[in-house]
Amino acid sequence: NAEYMGVETNSSRAKMLPLGRTIPSASSYTMYLRRAFQIGHMDVDYTFAQMIYLCVSPKKVYQLTSWRKQTKNQWARDDPAFVVILIFFLAVSVIAFSIAFQRSGFFEYIRILVTVIGVQFFGCGALICSFGWWLSNKYLRVHSVHSVEQEVEWLYAFDIHCNSFFPTFLLLYVVQYLLLPVLFSDGILSVFLANSLYAVAFGYYHYITCLGYSALPFLQHTEYFLFPIAVVLILYVVSLVIRLNVCILVFNIYFG
């Protein structure tokens with residue numbers, strides 16, 4: 001049940017927000033990309049506040065989303081600061097892990113950087129948010145003859161991915177880095193800690209994803225976005241039974 005997971009229902013808010021068709025034009029994407037290179041125009045303080053909220057009270061981030069819709073008539077961020085800062089954090093983490101695993105050389109660093117940022121963050125993220133965008137627009141929208149039809153913006157789906165990715169980044173790039181000596185040791189305890197870290201990270205990713213779509217008052221049955229957590233739990237139990245250390249598996253792929 002989504003309410004027991006802390007996800008608010010949409011019906012009580014459906015009449016509180018201004019209604020209007022929300023399909024961004026190509027110019028809005030161009031403006032977004034152009035602003036990514038204008039560091040001085042980014043609201044960094046607001047971005048860091050959102051990152052903190054995502055860790056301690058993620059619902060507040062989507063309350064800000066509702067206010068953005070009321071003031072700017074769009075759900076998605078128009079400021080790319082969140083993405084730019086997250087990319088910077090990922091680049092720093094790649095350097096740290098490369099040093100820890102004694103990987104040197106410019107091209108080796110570029111390979112890992114492209115894998116983490118290009119493939120993992122942007123590539124997989126684009127697939128995930130595109131699926132959520134398609135699913136919500138195709139099957140989860142509430143159709144009413146008394147209001148203007150709305151659609152989920154693709155940029156908003158990407159915002160949800162970025163929001164969900166940040167706590168995952170903290171767990172799998174920061175906490176995991178600090179625990180590497182423990183996670184790479186022998187024994188069932190290291191397997192339990194490593195696999196629990198990944199299970200919590202991926203579970204929290206899908207929880208925040210569900211919160212993001214639940215914030216839209218014209219969507220229903222957004223608890224479907226919680227279903228992947230069941231898959232995460234099953235894989236987590238299986239990995240413990242067969243004593244597969246996910247941390248070692250992942251780093252063998254990146255640095256093996």
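Reader: How many aromatic pairs does a search of the whole structure find?

Author: General idea first. A pair of aromatic rings is described by the distance of the centres and the angle of the planes. Rings of Phe, Tyr and Trp (its six-membered ring) pair if their centres lie within 6.5 Å; planes under 30 degrees apart are stacked, over 60 edge-to-face, and the rest tilted. Here the search gives 29 aromatic pairs. In one of them, the ring centres of Phe 106 and Phe 107 are 5.5 Å apart and the planes stand at 75°, so this pair is edge-to-face. In another, Trp 154 and Phe 158 have centres 5.7 Å apart and planes at 5°, so they are stacked. Trp 154 and Phe 158 are four residues apart in helix 6, about one helical turn.

Reader: What sort of model is this, and how are residues numbered?

Author: The model is predicted: local features need pLDDT of at least 70, side-chain atom pairs count only at pLDDT 80 or more, and totals for chains, interfaces and linings use all residues. Residues are numbered from 1 along each chain as its sequence is written, and side-chain values use heavy atoms, leaving out hydrogens and water.

Reader: Are Phe 106 and Phe 107 buried or exposed?

Author: Learn the cut-offs. Buried means under 20% relative accessible area, exposed over 50%, and partly exposed in between (1.4 Å probe, protein chains only). Phe 106 is exposed at 57%. Phe 107 is exposed at 70%. Trp 154 is partly exposed at 23%, while Phe 158 is buried at 6%. Of the 256 residues in the protein chain, 45% are buried.

Reader: How many salt bridges are there?

Author: A salt bridge is a side-chain nitrogen of Lys or Arg within 4 Å of a carboxyl oxygen of Asp or Glu. This rule gives two. One joins Asp 159 to Arg 77, with the closest N and O atoms 3.4 Å apart. Asp 159 is in helix 6 (residues 154–178), and Arg 77 is in the loop between helix 3 (58–72) and helix 4 (81–100), so the pair links distant parts of the chain, 82 residues apart. Asp 159 is buried, at 4%. Arg 77 is buried too, at 6%.

Reader: Where do Arg 111 and Glu 108 sit?

Author: Both are in helix 5 (residues 106–140), three residues apart, which means about one helical turn. Arg 111 is partly exposed at 37%, and Glu 108 is partly exposed at 23%.

Reader: Which ring does Arg 77 lie over?

Author: A charge sits over a ring if NZ of Lys or CZ of Arg is within 6 Å of the ring centre and within 35 degrees of the ring normal. Arg 77 lies over the face of Phe 82, 4.3 Å from the ring centre.

Reader: Which residues of the largest nonpolar core touch the most other members?

Author: A nonpolar core is a set of buried Ala, Val, Leu, Ile, Met, Phe, Trp, Tyr and Cys residues joined through side-chain atoms within 4.5 Å. The largest has 59 residues; Leu 90, Val 116, Phe 121, Tyr 156, Phe 165 and Tyr 173 touch the most other members. Helix 6 gives the most to this core, eleven residues.

Reader: How many helices and strands does the protein chain have?

Author: Helices (H or I, at least four residues) and strands (E, at least two) are DSSP runs, numbered from the N terminus. The protein chain has ten helices and zero strands.
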